[in-house]
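Me: I would like to learn how to read a protein model. Could you take me through one, feature by feature?

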Amino acid sequence: RARPSGSGRYMEYAFAAAHPAQYVHWLPPEERTEATSRSLLLLYEALDIVYTQNMQASVLMSPDGPHSIVNFIPKADRQLVASELKRWQHAYLRG
């Protein structure tokens with residue numbers, strides 16, 4: 001079910017049950033690309049920053065918005081990661 005970004009869905013919390021790698025595994029193997037691997041690595045690095053700074057309660061695993069995990073990604077890669085995360089979450093919600 002589609003909702004506006006940052007609407008507080010459980011899957012968007014940085015400490016949610018849906019780990020970034022779980023989203024990726026919902027993608028069919030033929031849809032996984034180099035961008036998928038790069039984005040996953042960048043999200044791990046961003047999550048490390050979030051957890052190190054104890055900010056997990058205020059950061060969302062959302063592709064956009066003021067509390068998005070993507071804000072912790074280097075600017076040059078933000079569009080890529082946001083696009084990939086959105087794609088993964090759509091695959092996750094499709095089941």
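Reply: Start with one definition: a residue is buried under 20% relative accessible area, exposed over 50%, and partly exposed in between. Arg38, with a relative accessible area of 38%, is therefore partly exposed. Keep in mind that this is a predicted model.

Me: What share of the 95 residues is buried?

Reply: Buried residues make up 39% of them. As for the surface, the protein exposes about 5,600 Å², and carbon and sulfur atoms supply 56% of that area.

Me: How many helices and strands does the protein have?

Reply: Three helices and zero strands. Along the sequence this gives the pattern α-α-α. A further question is how far apart in sequence the contacting residues are. Of the contacts in the protein with a separation of 6 or more, 58% are between residues 24 or more positions apart.

Me: Which residues of helix 2 are buried, and what covers them?

Reply: The buried residues are Thr36, Ser39, Leu40, Leu42, Leu43, Ala46, Leu47 and Val50. Their cover includes helix 1 and helix 3.

Me: Can we look at one of those residues in detail?

Reply: Take Thr36, which lies in helix 2. Its relative accessibility is 2%, so Thr36 counts as buried. Leaving aside neighbours within four places in sequence, Thr36 is in contact with Val24, Leu27, Glu31, Glu84, Arg87 and Trp88.

Me: Now charged side chains. How many salt bridges does a search of the whole structure find?

Reply: The search finds three. To read a salt bridge, check the distance between the nitrogen and the oxygen; the cut-off is 4 Å. Then ask where the two residues sit. Arg38 is in helix 2 and Asp77 in the loop between helix 2 and helix 3, so the pair ties together parts 39 residues apart in sequence.

Me: Is Asp77 buried or exposed?

Reply: Asp77 is buried, with a relative accessible area of 13%.

Me: What about the salt bridges of Arg87?

Reply: Arg87 meets Glu31 in a salt bridge of 3.9 Å, N to O. This pair links distant parts of the chain: Arg87 is in helix 3 (residues 78–94), Glu31 is in the loop between helix 1 (20–26) and helix 2 (34–52), and they are 56 residues apart. Arg87 also forms a salt bridge with Glu84, where the closest N and O atoms are 2.9 Å apart. Because Arg87 and Glu84 are three residues apart in helix 3, about one helical turn separates them. Salt bridges with shared partners join Glu31, Glu84 and Arg87 into one network.

Me: Last, the rings. How many aromatic pairs are there?

Reply: The count is two aromatic pairs. Look at the distance between ring centres and the angle between planes; over 60 degrees counts as edge-to-face. Tyr23 and Tyr92 have ring centres 5.1 Å apart and planes at 85 degrees, so this pair is edge-to-face. Tyr23 lies in helix 1 and Tyr92 in helix 3, so the pair ties together parts 69 residues apart in sequence. Tyr23 is buried, with a relative accessible area of 0%, while Tyr92 is partly exposed at 27%. Trp26 and Tyr92 form an edge-to-face pair too, 5.8 Å centre to centre with 90 degrees between the planes. Trp26 is in helix 1 and Tyr92 in helix 3, so that pair ties together parts 66 residues apart in sequence.

Me: Which residues form one aromatic cluster?

Reply: Tyr23, Trp26 and Tyr92. Trp26 is partly exposed, with a relative accessible area of 41%.

Definitions and conventions:
Residues numbered from 1 in each chain as written. Predicted model: local features only at pLDDT ≥ 70, side-chain atom pairs only at ≥ 80, totals over all residues. Heavy atoms only, no water. Helix = DSSP H or I, 4+ residues; strand = E, 2+ residues; numbered from the N terminus. Buried < 20%, exposed > 50% of the residue type's maximum accessible area, 1.4 Å probe, protein only. Contact = heavy atoms within 4.5 Å. Areas by Shrake-Rupley, 256 points an atom, 1.4 Å probe, with all protein chains shown as cover. Phe/Tyr/Trp six-rings, centres within 6.5 Å; stacked < 30°, edge-to-face > 60°.
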